[in-house]
Amino acid sequence: MTSTELASYLKETQFIADLKSDTKNAVIEELLQPLVDAHLVKSKHLVLMTLKQRETLGSTGIGSHVAIPHCRTLSVSEIHIVAGLSRNGIDFDGIDGKKVQLFFLILAPPQEETNRYLPILGKICELAREKKLREQMIKAQDLNEFIRIIQKGK
Amino acid sequence: MGRNQVELLVLYHDIQSMLLDAKQEEDCMGFTMEGEEKLKEAMQEVERKIETRYLRTFERLKTRYSHPIVPVQDGTCLGCFSRLPTSYNERGRNEQEVFTCENCGRLLYWVA
Ligand SMILES: [Zn+2]
């Protein structure tokens with residue numbers, strides 16, 4: 001998975017430059033909403049439940065102001081990513097307790113022949129752990145800038 | 001009741017997928033998985049709500065397929081790609097009754 005391939009999953013309607021939520025549950029729902037609005041999700045409440053279960057398994061807040069809520073669900077028929085930024089940061093009980101500003105929501109169908117889901121997840125983790133990229137992503141003003149930053153990664 | 005049962009089967013399935021991915025997410029990506037026991041308990045809670053006949057079907061299918069429940073899209077079972085009868089499609093889509101594919105036997109979830 002290259003940064004350019006990853007960037008091809010990002011869409012204007014699936015980028016939220018200024019998240020309004022201030023709690024963990026609310027921000028997960030806010031990130032999911034563009035997919036619901038675009039009818040890309042069969043059942044919003046089922047997906048929310050599954051994402052919540054994933055957080056039970058372990059917080060997807062990976063530290064350094066980044067969280068990557070994700071799950072496989074029968075409710076979608078292809079992989080979808082929503083990226084979002086919070087200017088003030090949101091408590092997400094991540095591993096270092098820091099407020100989260102950079103979010104990637106990833107949904108994937110259980111049966112996924114292209115096998116892209118885990119590589120995408122891995123790539124996002126890798127980029128988000130690069131201090132310089134992460135700091136720039138958090139400050140991005142729009143999707144184009146966000147994508148340009150991602151493409152600076154390997 | 002139908003809708004509820006289909007959704008429980010979907011949730012049950014999706015939690016199982018999650019547990020299968022957990023190891024790779026932990027080993028290769030550094031996610032922490034301190035809640036595995038808690039999630040298994042949550043899964044058992046879902047399991048208890050599923051009617052025995054559906055659960056039996058699910059478990060029996062699991063010995064044959066990695067995904068005992070599959071999506072239906074455009075009237076087609078995405079497990080075996082056979083077309084489903086029109087009557088199934090209407091009831092499955094609108095009432096979310098629990099159906100199995102006549103061809104492959106998998107449980108069905110209408111997504112479109
Ligand atoms: Zn079938």
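Visitor: Why is Asn25(A) called partly exposed?

Guide: Its relative accessibility is 46%. Buried means under 20% relative accessible area, exposed over 50%, and partly exposed lies in between (1.4 Å probe, protein chains only). So Asn25(A) counts as partly exposed. The model is predicted, so local features need pLDDT of at least 70, side-chain atom pairs count only at pLDDT 80 or more, and totals for chains, interfaces and linings use all residues. Residues are numbered from 1 along each chain as its sequence is written, chains are lettered from A in the order in which they are written, and side-chain values use heavy atoms, without hydrogens and water.

Visitor: What makes Arg54(A) and Glu25(B) a salt bridge?

Guide: Their side chains meet at 2.7 Å, N to O. The rule asks for a side-chain nitrogen of Lys or Arg within 4 Å of a carboxyl oxygen of Asp or Glu. The pair therefore qualifies. Across the interface of chain B and chain A, the rule finds two salt bridges.

Visitor: How many residues from each chain does the contact take?

Guide: Chain B gives 34 residues and chain A gives 31. Contact means heavy atoms within 4.5 Å.

Visitor: How much area do chain B and chain A bury between them?

Guide: About 2,800 Å², with 64% of it on carbon and sulfur atoms. Buried area is the accessible area (1.4 Å probe) that two parts lose on being put together, summed over both. In chain B, Met18(B), Met29(B) and Phe31(B) lose the most area to chain A, together 22% of what that side buries.
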